[in-house]
Amino acid sequence: MVRRITSKWAKTIALRRNPKVARFLPATSKMTAESLKRLLHRYGMVYVKPDRGSFGKGVMRVEKIGEGYRYQSGRKIVRYRRYEALYGALRRLTRGKTYLVQRGIHLLRYRGNRFDLRVMSQYSPSKRWETTGIIGRAAAKGKIVTNYHNGGTLYTAETLLRPHVANLNAKLGALARLGVQTGRSLRKSFPGISEIGLDIAMDKTLKPWILEVNTKPDPYIFRKHPDRSIFKKIRRYQSAY
Ligand SMILES: Nc1ncnc2c1ncn2[C@@H]1O[C@H](COP(=O)(O)OP(=O)(O)O)[C@@H](O)[C@H]1O
Ligand SMILES: [Mg+2]
């Protein structure tokens, strides 16, 4: 059985129950005038995103700058002096849909472009969670989302992390364990979940942050991985669900 949970909020609530996972979740709220203001003033930069969205669609970056504010959507940047004006504009853009506001993570960069990582973890034929693949995604120039279906470029995690990380294998091992831990936790709240794709941001201290957990992750991005055995294994596990 393949089960999909679309609400990012529902998944966040479920994952918060496990302290081993909760500490990797950036502060997140449903967006209201108050929650946006609170997170913006606490963190200086936040991401606003549809509760049920994909491909980076509708994702915006909002910042407090000096005495004012600005938001970025695609490559468009708009500035405001007053919070009320900013929020009014965001209200119009997000009308009729539930949006989340999340602490923004300053992503590491590769050749000037922001990147994050996709960690694929699956419930294996031997009935254990296992991380079957990790791949990196760099945003297109000047963009705030890394999604492959939003102009992002795929690289191996090694290529993207090597300039930043001294002990690469230890870091990748920790990410693999985080995927396993997250899979176990999520399956407790949503029985039937058999695979997850974690979007992991890494900040400059190299702490990983779980930006979202996809329950129907695209396996085909791993076809681009030079290690052919990764995609093969992902498909083999998928055919066993
Ligand atoms: N809190 C955040 N901090 C930094 N970047 C983020 C944050 N949330 C999202 N992003 C960027 O936007 C992309 C899309 O957001 P995500 O939450 O994964 O939604 P989607 O379902 O559209 O993929 C992420 O892969 C990441 O590049
Ligand atoms: Mg995503």
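Author: A polar contact is a pair of N or O atoms within 3.5 Å; inside the protein, one atom must be able to donate a hydrogen and the other to accept it, and residues adjacent in sequence count only if both atoms are side-chain atoms. This is a predicted model, in which local features need pLDDT of at least 70, side-chain atom pairs count only at pLDDT 80 or more, and totals for chains, interfaces and linings use all residues. Residues are numbered from 1 along each chain as its sequence is written, chains are lettered from A and ligands numbered from 1 in the order in which they are written, and side-chain values use heavy atoms, with hydrogens and water left out.

Reader: How far does a polar side-chain atom of D199 lie from an oxygen atom of ligand 1?

Author: The distance is 2.9 Å for D199. K49 also places a polar side-chain atom 2.7 Å from an oxygen atom of ligand 1, and T146 places one at 3.1 Å from an oxygen atom of that ligand.

Reader: How much of ligand 1 does the protein bury?

Author: Accessible areas come from the Shrake-Rupley method with a 1.4 Å probe; for residues, only the protein chains shown count as cover. Ligand 1 taken alone exposes 540 Å², and the protein buries 99% of that.

Reader: Which protein atoms are donors of the magnesium ion?

Author: Donors are N, O and S atoms within 2.8 Å of the metal (3.2 Å for Na, K and Ca); water is not among the atoms, so sites may look incomplete. Here the protein donors of the magnesium ion (ligand 2) are D199 (OD) and E212 (OE), lying 2.0 Å from it.

Reader: Where in the chain are D199 and E212?

Author: Helices (H or I, at least four residues) and strands (E, at least two) are DSSP runs, numbered from the N terminus. D199 belongs to strand 11 (residues 195-202) and E212 to strand 12 (residues 208-214), 13 residues apart.

Reader: Are D199 and E212 buried or exposed?

Author: Buried means under 20% relative accessible area, exposed over 50%, and partly exposed in between (1.4 Å probe, protein chains only). Both D199 and E212 are buried.
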